[in-house]
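I opened the model to look up how its parts pack. My notes follow in the order I took them.

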Amino acid sequence: MNKLKEIWNRIVGVLDPAAAWIGLLPLRLILAYEFGSAGLRKLGASDSLYGDPPSWFANSADQFPFPISLFSVNFNWFMVTWVEILGGFALAFGLFTRFWGFSLLIVTIVAIFGVHWPAEWNSLSELWQSYAITKKDGFGNFRIPLIFLVMLLPLALGGAGKLSIDHFMAQRLK
C-alpha cells in the first residue's frame with residue numbers, strides 16, 4: 001500500500017506544477033480563437049463603412065436583457081465586436097484575464113438571450129430542444145454559448161494560470 005501511495009504522490013507531484021503552468025492554456029487558446037474570430041466576422045459583416053450592424057443583429061436587439069437593451073443597436077454592435085476581438089487577443093496571452101473573462105461572460109449571456117434562446121417554449125422538454133448547435137423548427141441553439149460560459153468561469157474567477165502575462169506582471173510587482 002505504501003508503494004502505491006508513493007507512486008500516486010510522484011504522479012501528483014509532476015501533474016500539479018504542470019497544471020499550474022499549462023492547465024488553463026487550452027481553455028484560453030480555444031476561447032481566444034472562438035471569440036476573436038467571431039469579433040472579426042462581425043467587423044467584416046457591417047452593413048456600412050461606419051460599422052452599422054447587419055439586419056439580423058438589429059432584429060434581435062429587442063431580445064437583449066436589461067440594461068443592455070437601454071443602449072442603441074449601433075453601440076451594442078460596436079461593443080460586442082471589440083470586446084470579442086480585444087478579449088480574444090488578451091485571453092491568448094493571458095493579459096487581464098479576469099477582466100476579459102468577465103466581459104466575455106456578459107457578452108455570452110446577452111448573446112444567449114438575444115440570439116440563441118428560443119423565441120417561445122412551454123415546457124422544459126421544449127427548452128431542452130434548444131440545447132443544440134444549430135437552430136431547428138423555431139427552437140434556439142444555446143449549446144455552444146453555454147459551453148463557452150462554463151469554459152470562461154475558471155478564467156474569470158481564477159485567472160490565466162502561470163503561463164501568462166498576468167502571472168509575469170504579478171511576479172514583477174511583488
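**Glu120.** I looked up Glu120 first. Its relative accessibility is 65%, so Glu120 counts as exposed, the cut-off being over 50%. The model is predicted. I placed Glu120 in the loop between helix 5 and helix 6, the latter spanning 124-128. I then checked Glu120 against Gly140. They are 20 residues apart in sequence, and their C-alpha atoms are 9.0 Å apart in space.

**Trp21.** Next I went to helix 1, residues 2-22, which holds Trp21. Buried or exposed, or in between? Trp21 is partly exposed, with a relative accessible area of 41%. I left aside neighbours within four places in sequence and found Trp21 in contact with Lys162, Leu163 and His167. I also took the C-alpha distance from Trp21 to Ala160. It is 9.2 Å, across 139 residues of sequence.

**Ser164.** I stayed with that part of the sequence and looked up Ser164. Ser164 sits in the loop between helix 7 and helix 8, where helix 8 covers 165-173. Its relative accessible area is 11%, so Ser164 is buried, the cut-off being under 20%. What does Ser164 touch, not counting residues up to four places away in sequence? I found Arg28, Phe93 and Gly94.

**Helix 2 with helix 4.** Helix 2 runs over residues 25-44 and helix 4 over residues 73-93; their axes are 7 Å apart and the packing angle is about 150°. Helix 2 is therefore roughly antiparallel to helix 4. The crossing is left-handed. By class, the contact of helix 2 with helix 4 has 14 nonpolar, four polar and three charged residues.

**Helix 4 with helix 5.** I followed helix 4 to its packing with helix 5. The angle is about 145° and the axes are 9 Å apart. This crossing is left-handed. Helix 4 brings Val80, Val83, Glu84, Leu86, Gly87, Ala90 and Leu91; helix 5 brings Thr97, Trp100, Ser103, Leu104 and Val107. Eight of the contact residues are nonpolar, three polar and one charged.

**Helix 5 with helix 7.** Then I took helix 5 against helix 7. Their axes come within 8 Å and cross at roughly 160°. That angle makes helix 5 roughly antiparallel to helix 7. The crossing is left-handed. The contact of helix 5 with helix 7 has 14 nonpolar, five polar and one charged residues.

**The core.** Last, I asked which residues have the most contacts inside the largest nonpolar core. They are Leu31, Phe35, Leu91, Leu104 and Leu152, in a core of 25 residues. Helix 2, helix 4, helix 5 (97-116) and helix 7 (143-158) are the elements that each give two or more residues to this core. In soluble globular proteins, nonpolar side chains tend to be buried together. Beyond four places in sequence, Leu31 touches Gly36, Leu91, Phe148, Met151, Leu152 and Leu155.

Terms used
Residues are numbered from 1 along each chain as its sequence is written. This is a predicted model: local features need pLDDT of at least 70, side-chain atom pairs count only at pLDDT 80 or more; totals for chains, interfaces and linings use all residues. Side-chain values use heavy atoms; hydrogens and water are left out. Axes are lines fitted to C-alpha atoms, for helices over the stretch in contact, and angles run from 0 to 180 degrees between N-to-C directions. Helices (H or I, at least four residues) and strands (E, at least two) are DSSP runs, numbered from the N terminus. Angles under 35 degrees count as roughly parallel, over 145 as roughly antiparallel, 65 to 115 as roughly perpendicular and the rest as oblique. A crossing is left-handed if the near helix is turned anticlockwise from the far one by less than a right angle, and right-handed if clockwise. Ala, Val, Leu, Ile, Met, Phe, Trp, Tyr, Cys and Pro count as nonpolar, Asp, Glu, Lys and Arg as charged, and the others, Gly among them, as polar. A nonpolar core is a set of buried Ala, Val, Leu, Ile, Met, Phe, Trp, Tyr and Cys residues joined through side-chain atoms within 4.5 Å. Buried means under 20% relative accessible area, exposed over 50%, partly exposed in between (1.4 Å probe, protein chains only). Contact means heavy atoms within 4.5 Å.
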